[in-house]
Each structure stands twice: as structure tokens, then as C-alpha cells.
Protein chains: 2
Amino acid sequence: MTRDTAGRIGEVRENTIATPPDDRSGPHDGPEAAVILNGTKASVDPELRSAIDTLPSQMRRVARYHFGWENPDGTPATGGAGKAIRPALVLTAAESLGGRGARADAVRAAAAVELVHNFTLLHDDVMDRDATRRHRPTAWTVFGDPDAILAGDALQALAMQLLAQDPHPAAPRAAARLAACVVELCEGQHADTAMEDRAPDEVSLDEVFTMAQAKTGALIGCACAVGALYAGAADEDVEALDAFGRAAGLAFQLIDDVIGIWGDPGRTGKPAGADLAARKKSLPVVAALTSGGPEAAELAALYGEPYDQRDLERTVLAIERAGGRDWAQAQAADRMARAMDELARAIPDPEAAGGLLSLAEFVTRRSS
Amino acid sequence: MTRDTAGRIGEVRENTIATPPDDRSGPHDGPEAAVILNGTKASVDPELRSAIDTLPSQMRRVARYHFGWENPDGTPATGGAGKAIRPALVLTAAESLGGRGARADAVRAAAAVELVHNFTLLHDDVMDRDATRRHRPTAWTVFGDPDAILAGDALQALAMQLLAQDPHPAAPRAAARLAACVVELCEGQHADTAMEDRAPDEVSLDEVFTMAQAKTGALIGCACAVGALYAGAADEDVEALDAFGRAAGLAFQLIDDVIGIWGDPGRTGKPAGADLAARKKSLPVVAALTSGGPEAAELAALYGEPYDQRDLERTVLAIERAGGRDWAQAQAADRMARAMDELARAIPDPEAAGGLLSLAEFVTRRSS
């Protein structure tokens, strides 16, 4: 599906992260990610819906719209729901370390993690003035900033309420971990928005990695760690799963940044060049900016000016020629290798680890 | 200090709520509210500061500014801190029902309640575009909307983290209650902002009461209930203390609305007429609008137009002549009587109830 004209904004190629084919079949293979994600939705959606049903009228309305369950007028909608990657990580981590019982115990916590993720999406869209999410107008464009902010606040509270009411002995530790993660997400989003106001040559790659770690890695790590807590895992295994999730999360962010530049708007649900128009200092962009060649200088000049639609193709090409795309894909592969190491530390049995492996590969190989 | 020219915007008179003088001395008397509030700050401030010290750099900076501890450049500031009424209610409720030990146990929960209160202030100021709070520029005017929103998010998370890490057996129930309260606060703030966009004759007094109950009564009730939980109180006493706080909170809101119109800007820290300029459908305003006389019609006509500074005096006078001020003060007295009934139900011993009584009287008699 990649467009055939060289240099055009094409779609991210599938399998860009080199996993040798022989590693992708045979006894090490876990269940397919799609099966896990569907199973997660079947388990977590009822919990999520009944939690959201407890919200008072306007908060419920905005939340149901945001989750893709309703149109703005309250009529049922289909599509537009998220992929449920984070709750899938909670349930799969719990099952990998504690079996079916742990998976069942962790459903409420998985819903809490998904609520936190969606609270941050609601708020980030307000701050970033993003008008489209999951192929639909964002909540603030439909309900206004105040209601989008308030619905986000309410979803955070709902997440914590679910955990506070969960009698499982792991619930308080999961709640403390999730709350600490929210704080990290906030600092990550601050760093992201603050970077947009800075000149292209003022941002280092280290800073962008730190930001991405906080903004994306933290919650994916937390999801895995929460699953481990519900399995009653030892502290070092909880931390290893957190590290696994953080590394996979960073790989995911790298690929997400690549998609933000080279992805097909028809599949990403975001307009082409949105990240570049917002002058986002994403990982491939900063890698390109700091690469030192003539394309880096050209990109810096382009990025130093306000966005002009006519410069989009040139900007994309400069990032690519400066090596931003290749670098991001190699980095993503590197982070995935680290993630595998951490996973093997917590779950040495490849069969037990198969589900988490499938999910990690899914998120770093997705094309939308 | 009331200005002597009739009709001018004067200061709210002290003792506007008629408490017979003989009820205000003798054995029923609790400790002075000022003593309780100072004692609360001495207990809760260290907990609050050490919690905020755990925040990452920008979140910490915004939080410290908001709490009045620092200037925007990070140098120490004095003044601008809140009155600590909500944490005082937590500690006093705990002590009234469970003695000194319960009070000491509840310090972390009191800090959590204060964090939640301040998270809502940060977000409300963004939504309401309020530029001044506690005599200082609001956080969003100093750090921008994104950081004010994110710092609010982080304070909510920090509150829940404190409770999740609290080993006290009451902590999970307190956390669930506080989270449910946040959801109610969000719906209340939604109702408040949504009302501003509606025509003056479209808002009923019932709606405004429901909004005030959610926006103000809920957290004051929750503070009292959380204190009762830490004292190990019976369920019906927890609920009675919640009802006490809600009724006192509504009295507080009525007086706060009166202060918003007739208070001295030098003491309130807000510009004169700010609530009227924003066309706030506050309780005295809606009472005046729905009173039916010629002043109600005049007020409706004034409120139907965009704010004009030159009409401020006429607007204030119309509300007063339509009975909005007297009505609000009588209503506040009525709510306080209900609050006393609920308090006596949970804590029949007037001496034990003295602290909560002092606080309730303090908030409904304050002049700024």
C-alpha cells in the first residue's frame, strides 16, 4: 500500500522492525495480538461501560462520545474505540505470571488503566488543539474545552475509584503505582508542549527520549507492572515487567512518530503532516535535526519558520534524507531487544511470555 | 469597614447569620476556628509540602506557586495560601469522633482532601478564565493553560497516591469516597459553566442549588465524612457528617456568592463585580431574577446584555432591592440550622461537636 512515487508521503511499511522470520513461528509463538486484544475488549468493556454508567449526565455523555460508543447527540455509534493495548498488557501480564485466576482478578485494574489512558487523551487533545482522534472530531471540538477537561478529570477519578473499591490485596499498590504514573505522564506532556515553543536547535535527543519515556513509556510500563501485581509477582518481576513495558513503549513511540510523518492519514485518523504542522519535536525529527548534514540544516531552516502546507513534502524529505526515519526504526528495534531481555528476566518460559511478546510486536509493527 | 454611602458596594457585614449571643459562649463553645485552622496548617502543611516535593520539576513549580509558597521564579513567597478549611474539617471530624489518635491518623487524608480542592481550583480558574486567586495571578496566567491543567491533574493523582499508600484501614473507603466526590465536583463545575451561556430567565433556583450542592457542598461533606471514616465511625454517623458538611457547604456557598457581589475586593482578592461581569447565575442573582418584581425585570434586562462596567452599581442595587441579598442570608441561616441537626445526630455531645460547629460558623461568617 506504500505509494509508488519516491519521496511522497507513503505508508509505514509493515515489518519494518527486523524480527528474523524463524523467531516468529514455532514453539516460542504466543497467541496472536488480535486475539488477545479482542479477548481483552470482551473482558474489560463491560467493566468500563458499567463504570462510565455511574457518571452523572454530562460527564457520562462526553465519556461515551470519547470512547466511540455514542454520537454527540447520544445515539449509539460504532467504531472509534481504542485498541485496548494497555488493558491487554494488564491482563496478559497477570495471566503470564499468575494464570487464569490472576487474569480474571485484574479486569477492574485493566479498566482503570484504560480510563487513565483516556483521561490523558482528552486533556492532551485540548492542550495540543488536536481536532481529530480515532477518525472522529475530538471531544473538545464537540463539547468545548471545559467539558473535555472535566470529563478527563472525572475519568481519572473513576479509575482511582475502581481501584479503591477493589478488594484484591494488590489494589492499593496498583493504585499508588497508577497515580505515580499519572504524575509522570503530566510531566511528559508538559515537556512535549514546552518543546514546541523552543527553537529547533535548542532541543536535544536526550530530552526527547526523557519526554517520550514519561509520556508514553510510563503508562505502558505501569500497565505491565499492575498486571504483575495482580499475579502476586515478586518485586523484581514487577519491576522487570515495568522495564519491559517502558522499553516496548519507547519502541511504540518511535514507530508512532514515524507514522505521524509517513503514515497514511486514511488509516491513522489524523490529517497528513499534523505533527509537522505543530512543529512537534518528535524523535525522528530531532534525530534528523541533530544529524549534522546539509539536510539537517535545511530541516532546521524549515522548522524555524511557521508551518506552510506547501513545504510539507520538502520537510518530510529532509527528515528522511537526514536519516530520521531509518534511525527511528533502528532505535525501535533496539528498544524492542531491551524489552525482550526484561521480559525474559521476569518470565523465562517463552510460552508463558508469548502473549506479552505478541502485544509488544503488534504495537511496534502496526501501520495505523 | 462597610463603606458609608448607601448602595455602594460595601463589605459583607459580620454576624449576618443570626446566632443568639447566648449560644456563642459557655460550655457549648468549641475552640476558636482560627486556632483550629492554625493547628491544621501546622499538622497538614508538612505532609502537603513533602507530597508536593515528590512531583517532577515543572509540576512541582506550578504547584508551589499555586499554594502560595513560591513566586513564579521559584523564590520563596509568603501569603496567598488557602485557609485550610477542608483539611481542618477532616481532622476535626476525626478528633470529634475518635479522639487525638484518630486526628493524627487522618493527617495524610486531610492533605489528600486539600490536594483535591486545589486541583479543582487550578482547573476551574482555567475554565472560568479567572485571573486572580488569593490576591495573586492565577497559575494559568503565569504558566499557561497546559501547565495549569497538568498541575491540576498531577495534584489529583498525588491525592490518590497519598491515600493508596496510607496503611490505615479506612484509607480505601476514604479514597473511593474522595474519587466519587471528584466526579460530583466535575459535574457541578460543568453545570456552573453551562449556566453562564444560558439566558437569565432559563435558569431555575433548583438548578442552581443542585449545582452548588455538587460544586461546593460535595467536597465539604466529603471532608467531614473522611474524618469520620478515620475515626472508625458507624456508617450512619459517616453519612450524617457528610450531610452536615453538605449543608454547611451550601451555607458557605450562599455567603460566598454574597461576598462575590457585596464583598470588599481588597479583602476577597478578586476584582469587584467579577462574578456579575461573568454573568454568573449565582444563588442571590437567580433568587433576585425569579422574585417576580420590577427589580427582577430590571435585573433580567441588565443580565441579558453583555457586561458594562457602568451598569455595575445598578446591577448590584437591583439584586439587593429584589431581595437577593436578604434571601441568601436567610437561606444560609436555614442551611446552617440543618447542618446543626445533622451534626447533633452524629455527635450528640455539644462539647465534642464544638470544633466542627466553630468551623461551620467561621465559613459562613467570614468576610473575605
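The buried residues of helix 2 of chain B pack against helix 7 (171–196) of chain A, together with helix 1 (33–53), helix 4, helix 5 (139–143) and helix 6 of chain B. Helices (H or I, at least four residues) and strands (E, at least two) are DSSP runs, numbered from the N terminus. This is a predicted model: local features need pLDDT of at least 70, side-chain atom pairs count only at pLDDT 80 or more, and totals for chains, interfaces and linings use all residues. Residues are numbered from 1 along each chain as its sequence is written, while chains are lettered from A and ligands numbered from 1 in the order in which they are written.

**Chain A overall**

- Chain A holds 16 helices and two strands.
- Of the 368 residues in chain A, 55% are buried. Buried means that 20 or more other C-beta atoms lie within 10 Å of the residue's own; exposed means 12 or fewer, and partly exposed is in between, with C-beta atoms placed from the backbone.
- Take the contacts in chain A between residues at least 6 apart in sequence: 74% join residues at least 24 apart. A contact requires C-beta atoms, placed from the backbone, within 7 Å.

**How the two chains meet**

- Chain B superposes on chain A by a rotation of 180 degrees with 0.0 Å of shift along its axis (RMSD 0.0 Å). That is the relation of a two-fold axis. The superposition is by least squares on the C-alpha atoms of residues with pLDDT of at least 70 in both copies.
- In the interface, 31 residues of chain B are in contact with 32 residues of chain A.
- On the side of chain B that touches chain A, the elements giving two or more residues are helix 2 (57–66), helix 4 (107–128), helix 6 (145–164) and helix 7 (171–196) of chain B.
- That side of chain B divides into 20 nonpolar, eight polar and three charged residues. Here Ala, Val, Leu, Ile, Met, Phe, Trp, Tyr, Cys and Pro count as nonpolar, Asp, Glu, Lys and Arg as charged, and the others, Gly among them, as polar.
- The copies meet through the same surface, because 100% of the interface residues of chain B are also interface residues in chain A.

- Helix 2 of chain B is largely enclosed by the rest of the structure, because seven of its ten residues are buried. They are B:Met59, B:Arg61, B:Val62, B:Ala63, B:Arg64, B:Tyr65 and B:His66.
- Just after helix 2 of chain B, B:Gly68 takes a positive phi of about 85 degrees.
- Helix 4 of chain B is mostly covered, with 21 of its 22 residues buried. At 1.5 Å a residue, helix 4 of chain B should span 32 Å; its end C-alpha atoms are 31 Å apart, which agrees. The expected span is 1.5 Å times one less than the number of residues.
- Helix 7 of chain B has 19 of its 26 residues buried, so it is largely enclosed by the rest of the structure.

**The nonpolar core**

- The largest nonpolar core has 254 residues, and A:Leu178 and B:Leu178 touch the most other members. Such a core is a set of buried Ala, Val, Leu, Ile, Met, Phe, Trp, Tyr and Cys residues joined through C-beta atoms within 7 Å.
- Beyond its neighbours within four places in sequence, B:Leu178 contacts B:Ala112, B:Val113, B:Val116, B:Ala159, B:Leu163, B:Cys222 and B:Val226.

**Two buried residues of chain A**

- A:His123 lies in helix 4 (residues 107–128) of chain A. A:His123 is buried, with 28 other C-beta atoms within 10 Å.
- Not counting residues up to four places away in sequence, A:His123 touches A:Ile149, A:Gly152, B:Ile149 and B:Asp153.
- A:Leu89 is in helix 3 (residues 85–105) of chain A. A:Leu89 counts as buried, with 33 C-beta neighbours inside 10 Å.
- Residues up to four places away aside, A:Leu89 touches A:Ile220, A:Ala223, A:Cys224, A:Gly227, A:Gly245 and A:Leu359.

**Positive phi in two arginines**

- B:Arg129 sits in the loop between helix 4 and strand 1 (132–133) of chain B. Phi of B:Arg129 is near 55 degrees, a positive value in a residue other than glycine. B:Arg129 is exposed, with 11 other C-beta atoms within 10 Å.
- B:Arg134 lies in the loop between strand 1 and strand 2 (136–137) of chain B. B:Arg134 has a positive phi of about 50 degrees although it is not a glycine. With 17 C-beta neighbours inside 10 Å, B:Arg134 counts as partly exposed.
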